[in-house]
Amino acid sequence: MEVVKKRKLPIRSMYVAPKGKTLCGFDLSAAEAWVVAYLSNDVNMKRELAEGDLHSFSACGIFDIPIDLNILGKAKYAELPEEKRYVGKKMNHAGNYRTGPFKIAEFINKEGIISISVADAKRFHAKWLGTFNLQKWWSEIDYIASTTRSMKTVYGFERKFWGVYGDDLKKEMTAFEPQSTVADHMHGAEMEELPVRGGNIAIYEDIVLPSKGEIAMCNTAHDSVMLEVPTGLVSEIVPHIISLLRRPLIIKGEEFTIPVDAEVGERWKEMERWKG
């Protein structure tokens with residue numbers, strides 16, 4: 001594994017708030033990983049998402065770094081090199097959805113932070129599979145792939161899969177429920193089992209519409225939203241939006257809440273974490 005110098009492209013600096021406004025960005029933190037953790041019922045993944053650092057834990061498993069679980073929070077990872085945490089982060093994103101070593105190498109090398117070989121990727125993949133236990137969840141999906149081919153999320157969205165049976169179909173089905181669940185959660189869908197209002201729909205109805213053009217949604221993604229807010233209203237609006245996004249889910253009988261990260265600033269690239 002070779003550490004290389006990262007190239008930073010200032011494209012986001014092109015996005016600047018209008019005069020008198022501040023950009024306020026909100027992101028569901030590690031949202032898909034939270035859904036995967038509860039779909040798979042992986043104890044390590046749940047613990048690290050709730051009180052540790054999932055990517056650092058993954059890195060320690062991949063690189064055989066001992067961890068003292070008696071040390072609470074992120075402090076036990078204080079000496080972990082950033083490039084190794086980066087590998088843990090990328091392996092979590094790829095591993096959850098059953099990505100193979102060739103794609104893993106491509107995925108990790110893409111950002112130019114480090115450079116690894118396919119042999120490295122194979123070794124990382126094997127270690128990652130020993131760090132987490134997603135096999136039972138994957139087996140459940142494989143059974144559906146060979147039988148009904150129909151999956152339904154906790155928000156009631158049902159999809160039928162028509163692809164040729166094989167690894168590509170299984171990977172597509174594995175990604176479906178976490179990605180769809182997060183998108184519906186962010187948008188504002190309500191669970192029949194736990195109908196809590198929130199998400200982008202509530203933000204639009206409660207904040208954007210009543211502002212009569214003073215507040216605008218300027219960017220949305222499946223797990224994030226950005227608004228232009230009058231600078232004088234930021235301290236009032238940001239906590240309100242966080243409260244609308246931070247709402248519980250129930251998966252396989254367990255309730256949990258995905259954390260929300262917020263950033264504010266004049267330029268998209270230079271936004272700072274909200275500390276209010």
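**Entry 1: helix H9**

I began with helix H9, residues 199-208, in this predicted model. I looked up which of its residues are buried, and I found Gly199, Asn200, Ala202, Ile203, Ile207 and Val208. Viewed down the axis of H9, these buried residues fall within an arc of 165 degrees, so they line one face of the helix. Next I looked up what that face packs against. The partners of the buried residues are helix H8 (167-187), S6, S7 and H10.

I moved on to the loop between H9 and S6, where I picked out Lys212. Is Lys212 buried or exposed? Lys212 is exposed, and its relative accessible area is 78%. I also looked up the distance to Ala119, which is 93 residues away along the chain. The C-alpha atoms of Lys212 and Ala119 are separated by 57 Å.

**Entry 2: the sheet**

I then turned to the strands. Five of them form an open sheet, in the order S6-S7-S2-S10-S11, with antiparallel pairing. Strand S6 (216-221) and S11 are at the edges and have a single partner strand each, so one side of each has no neighbour in the sheet.

I went through the pairs. S6 is joined to strand S7 (residues 224-230) by five bridges in the antiparallel sense. In this pair I noted Ala216 opposite Glu228 of S7. I found helix H10 (residues 234-245) packed on the sheet, where H10 touches S2, S7 and S10. The direction of H10 makes about 20 degrees with that of S2.

How many bridges link S2 and S10? I found six between strand S2 (residues 21-28) and strand S10 (residues 260-265), again antiparallel. Here Leu23 stands opposite Gly265 in S10. S10 also pairs with strand S11 (residues 272-273), in the antiparallel sense, over two bridges. Val264 is opposite Glu272 of S11. A hairpin of six residues leads from S10 to S11.

Strands of a sheet pair through backbone hydrogen bonds, either parallel or antiparallel.

**Entry 3: helix H3**

I looked up helix H3 (residues 54-62) next. Nine of its nine residues are buried, so H3 is largely enclosed by the rest of the structure. Among them are Leu54, Phe57, Cys60 and Ile62. The list also includes His55 and Ser56. What do the buried residues of H3 pack against? They pack against H1, H2, H4 and helix H6 (118-131). Just after H3, I noted that Asp64 has a positive phi of about 55 degrees.

**Entry 4: two helix pairs**

The axes of helix H1 (residues 31-40) and helix H2 (residues 43-51) come within 8 Å, and they cross at roughly 145 degrees. Their crossing is left-handed. On the H1 side, Ala33, Trp34, Val36, Ala37 and Tyr38 make the contact. On the H2 side, I listed Met45, Lys46, Leu49 and Ala50.

Then I took helix H4 (residues 82-95) and helix H5 (residues 101-109), whose axes are 10 Å apart at an angle of about 130 degrees. That angle makes H4 oblique to H5. The crossing of H4 and H5 is right-handed. Which residues meet? From H4 I wrote down Tyr86, Val87, Lys90, Met91, His93 and Ala94. From H5 I wrote down Ile104, Phe107 and Ile108.

Methods
Residues numbered from 1 in each chain as written. Predicted model: local features only at pLDDT ≥ 70, side-chain atom pairs only at ≥ 80, totals over all residues. Heavy atoms only, no water. Pairing = 2+ DSSP bridges. Helix = DSSP H or I, 4+ residues; strand = E, 2+ residues; numbered from the N terminus. Contact = heavy atoms within 4.5 Å. Axes fitted to C-alpha atoms, helices over the stretch in contact; angles between N-to-C directions. Buried < 20%, exposed > 50% of the residue type's maximum accessible area, 1.4 Å probe, protein only. Arc of directions from axis to C-beta. Parallel < 35°, antiparallel > 145°, perpendicular 65-115°, else oblique. Left-handed = near helix turned anticlockwise from the far one by under 90°.
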